[in-house]
Amino acid sequence: MVLQIKKYLSTMVQSAFNLVKERSVFYGPWFAIRFCSAATRNFGNTVLSLSALHKYDNIPFIVCLITSKQNDLLLANTTFLKKISHSSQELRRDNIKGSFNGSDIMREFEGISNIPENFEFLFSSHENFTFEENLDRLVESTNQIAPTGKRFVPSESQVGCIGRSVDRAISFLQSDEYRILSQDLEERVHAVESEIIIASLIDNVNLRGRIIEYLITAEDDLKTTLMRCLHTREPLPEVFTADTLGDYRREFSQYNTETDIKTKIVCLSSNPKGYNLDKLLAFLAEEKSVYLVYIVAITGEKTIRTRLCSLFHCQLLSGTRVIRHWAGRNSRSVTQYDGKMLEEIVENFDNRIDRKKSRDFLLDCLNG
């Protein structure tokens, strides 16, 4: 009976959405789906190989679990996999092997249930992580491969410097240097305003962010080529950005600033990836360090609004989520921003910083 329902459902869904069938997966431009049947909801059946999932990881990959009592839908992109179970002994970053079972799919992601009502939020979270980043995590969790990251272990004096970073940030925000940096970034955005608007139409979240970041910060021939290609619709050149804490570094006599550029398309749901906690703490352990976030919001009317703020501003801090499942043996994990809060900061900025909450946050990071 369950197998008959599976066949009926798959035929109906394929017809309704005009999907292409490739082995066990049905896919189209907007999503892919795999139908599975099992006796209970806690199914351990093999779902798909990791190499096959790679092809569909840039669109929502849905598993439809069919039982005799009910049908369940789960989002099963790589961000929502705990490990690779079947034939994965040779899994490496340069050797994509193995398959995942139903039991390997997270039923909850950072407190958010993996159910259809939350798919939009969950997929907008997944979009911020590349397949390679998820692969690194899966390799470590599956085969206990030594991680490539390095956990920052501060000295006593560095812990004190990290604690003072809140007052240091407040001092910077009240200084002429803050106004200089803000104006510098505003002028950089204005110089490539039309190119940013064009780049905002790129579907791939990671590519879109890298290109806009490069347009704002770079000064080289590749930037000129990139600008031309955006206008002429020629194939875009490959743009590589360094995997560093910030996108734009500027030093002053009293402050050394690192600014992370975050793009937000106001009409689209997104939850941008934030910072690596170990990299943040290592930077804040330096005496003059000030970490900032520069939000570049593109509205539905194709206008650009910006805001330069500290990670300690109340709005941004309340909209910062620590992605715990990314924490490996040598990592404190990464953060993610609430996209709606980024929009709120640009549209209705609250300039307050709560010293206690900021220091409590740093303490939680250190103890993580």
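This is a predicted model: local features need pLDDT of at least 70, side-chain atom pairs count only at pLDDT 80 or more; totals for chains, interfaces and linings use all residues.
Strands, as the word is used here, are DSSP runs of at least two residues in state E, numbered from the N terminus. Beyond residues up to four places away in sequence, Tyr255 touches Arg168, Ser171, Phe172, Ser175, Glu177, Arg250, Lys288 and Val290. Separation along the chain and separation in space can both be given for a pair of residues: Tyr255 and Glu287 are 32 residues apart in sequence, with 8.4 Å from C-alpha to C-alpha. Tyr255 also belongs to an aromatic cluster, together with Phe172, Tyr178 and Phe252.

Phe17 is found in helix H1 (residues 2-17). Its relative accessible area of 51% is over 50%, so Phe17 is exposed. Phe17 and Leu48 are 31 residues apart along the chain, and 21 Å separates their C-alpha atoms.

Aromatic pairs come next. Across the whole structure, the search finds 10 of them. In one, the ring centres of Phe80 and Phe109 are 5.3 Å apart and the ring planes meet at 85°, so this pair is edge-to-face. Phe80 is in the loop between strand S6 (71-75) and strand S7 (99-101), while Phe109 is in strand S8 (residues 108-109), so the pair ties together parts 29 residues apart in sequence. Phe80 and Phe109 are both buried. The rings of Tyr275 and Tyr291 also make an edge-to-face pair, because their centres are 5.5 Å apart and their planes lie at 85°. Here strand S12 (residues 273-276) supplies Tyr275 and strand S13 supplies Tyr291, so the parts tied together are 16 residues apart in sequence. Tyr275 and Tyr291 are buried too.

These two tyrosines return in the largest nonpolar core. This core has 65 residues, and the members that touch the most others are Ile196, Tyr275 and Tyr291. Strand S13 (residues 289-298) gives the core its largest share, nine residues. Which residues does Tyr291 contact, leaving aside neighbours within four places in sequence? They are Leu245, Glu258, Asp260, Tyr275, Leu280, Phe283, Leu284, Ser310, Leu311 and Tyr337.

Helices complete the picture. In helix H3 (residues 119-126), six of the eight residues are buried, so H3 is largely enclosed by the rest of the structure. Those buried residues are Phe119, Leu122, Phe123, Ser124, Ser125 and His126. They pack against strand S5 (61-66), S6, S8, strand S9 (112-113), helix H4 (131-143) and strand S16 (334-337).

Two packed helices are described by the angle between their axes and the distance between the axes. For helix H6 (residues 165-173) and helix H14 (residues 355-367), the axes come within 9 Å and cross at roughly 130°. H6 and H14 are therefore oblique to each other. On the H6 side, Ser165, Val166, Asp167 and Ile170 meet Arg355, Ser358, Arg359 and Leu362 of H14. Sorted by class, this contact of H6 with H14 holds three nonpolar, two polar and three charged residues.

Conventions
Residues are numbered from 1 along each chain as its sequence is written. Side-chain values use heavy atoms; hydrogens and water are left out. A nonpolar core is a set of buried Ala, Val, Leu, Ile, Met, Phe, Trp, Tyr and Cys residues joined through side-chain atoms within 4.5 Å. Buried means under 20% relative accessible area, exposed over 50%, partly exposed in between (1.4 Å probe, protein chains only). Helices (H or I, at least four residues) and strands (E, at least two) are DSSP runs, numbered from the N terminus. Contact means heavy atoms within 4.5 Å. Rings of Phe, Tyr and Trp (its six-membered ring) pair if their centres lie within 6.5 Å; planes under 30 degrees apart count as stacked, over 60 as edge-to-face and the rest as tilted. Axes are lines fitted to C-alpha atoms, for helices over the stretch in contact, and angles run from 0 to 180 degrees between N-to-C directions. Angles under 35 degrees count as roughly parallel, over 145 as roughly antiparallel, 65 to 115 as roughly perpendicular and the rest as oblique. Ala, Val, Leu, Ile, Met, Phe, Trp, Tyr, Cys and Pro count as nonpolar, Asp, Glu, Lys and Arg as charged, and the others, Gly among them, as polar.
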